[in-house]
Amino acid sequence: IDLETEYLPNVVRCENGGANLQALKAQAIAARSVAYYNMETEGAICDSQSCQVYSCGGEPNALQIQAVEETSGIYLMYNSTLTYGFYVAGDNSPEPPACEGVSGATEHWVTYNSGQSGTDVEQTELGFVHPTGDPSYGQNRGCMSQWGARCLENETGADYLDILRFYYGEDIELVQAEGECITPQETTDGTSSTDDT
């Protein structure tokens, strides 16, 4: 399965398909990070909520495909470590302008790391919580709320970088992989970096 043209558009559709473009782009980057992490550590990825959902029926629409194309190869990294882009649904009615949830079955996993950096970034208990200062701390930089991402875009005008920083910290790095299937992109803040992943 081609990661960029088949796998990720389907994951974006299955995981947060009703969102608008910026939240979909944040979803694509988080989902790509999960896929890369699983491929690096396990050599494969499952098709379920244990990893991320790829098979849910139907076909990705133009907006979901666009979100993947416009973030081609971009994944999350911190401290020279591939970050697992944890995400959950979160509270389905977060209140703007804060867009922070208070209830829901998965809300307790969500982290709100806006303005945080370094060891001040809250990790999610969905993953291994590293002791502060551990060099491998970059693997767990928090957890994004999918409903919260929608709220941030729709109610505050946040773009995908704003959304990612809101959940994963101000210093989360967006790195672009290299390869034949990757179309070079510029991130929202005008930077573009590459890696041999």
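On a 1 Å grid laid over the protein atoms alone, a pocket is an open set of points with protein on both sides within 12 Å along at least five of seven lines, and its lining residues have an atom within 4 Å of a point. The structure described here is a predicted model, in which local features need pLDDT of at least 70 and side-chain atom pairs count only at pLDDT 80 or more, whereas totals for chains, interfaces and linings use all residues. Residues are numbered from 1 along each chain as its sequence is written, and side-chain values use heavy atoms, with hydrogens and water left out.

The largest pocket has a volume of about 340 Å³, a volume being the space filled by probe spheres set on the grid points. Of the 15 residues in the lining of this pocket, Gln49, Cys51, Tyr87, Val88 and Leu126 are the closest to its centre. The lining of the largest pocket comprises 9 nonpolar, 5 polar and 1 charged residues, where Ala, Val, Leu, Ile, Met, Phe, Trp, Tyr, Cys and Pro count as nonpolar, Asp, Glu, Lys and Arg as charged, and the others, Gly among them, as polar. The second largest pocket holds about 190 Å³ of space and is lined by Ile1, Leu3, Tyr7, Tyr36, Met39, Ile45, Asp47 and Tyr54. Two or more residues of this lining come from each of α1 (3–16) and α2, helices being DSSP runs of H or I with at least four residues, and strands runs of E with at least two, numbered from the N terminus. In the lining of the second largest pocket, 7 residues are nonpolar, none is polar and 1 is charged.

Helix α2 (residues 21–41) also meets helix α4 (residues 146–156), the two axes coming within 8 Å and crossing at roughly 140°. On the side of α2, the contact (heavy atoms within 4.5 Å) is made by Leu21, Gln22, Ala23 and Gln27, and on the side of α4 by Gln146, Ala149, Arg150 and Glu153. These contact residues divide into 3 nonpolar, 3 polar and 2 charged.

Most residues other than glycine have a negative phi, and most peptide bonds are trans. In the loop between β1 (74–78) and β2 (81–82), Ser80, a residue other than glycine, has a positive phi near 60°. The peptide bond from Pro96 to Pro97 is cis, with omega near 5°, and Pro97 is placed in the loop between β3 (87–88) and β4 (144–145).

Note on methods:
Axes are lines fitted to C-alpha atoms, for helices over the stretch in contact, and angles run from 0 to 180 degrees between N-to-C directions. On a 1 Å grid over the protein atoms alone, a cavity is a set of points where a 1.4 Å probe fits but cannot get out, and a pocket is an open set with protein on both sides within 12 Å along at least five of seven lines; lining residues have an atom within 4 Å of a point.
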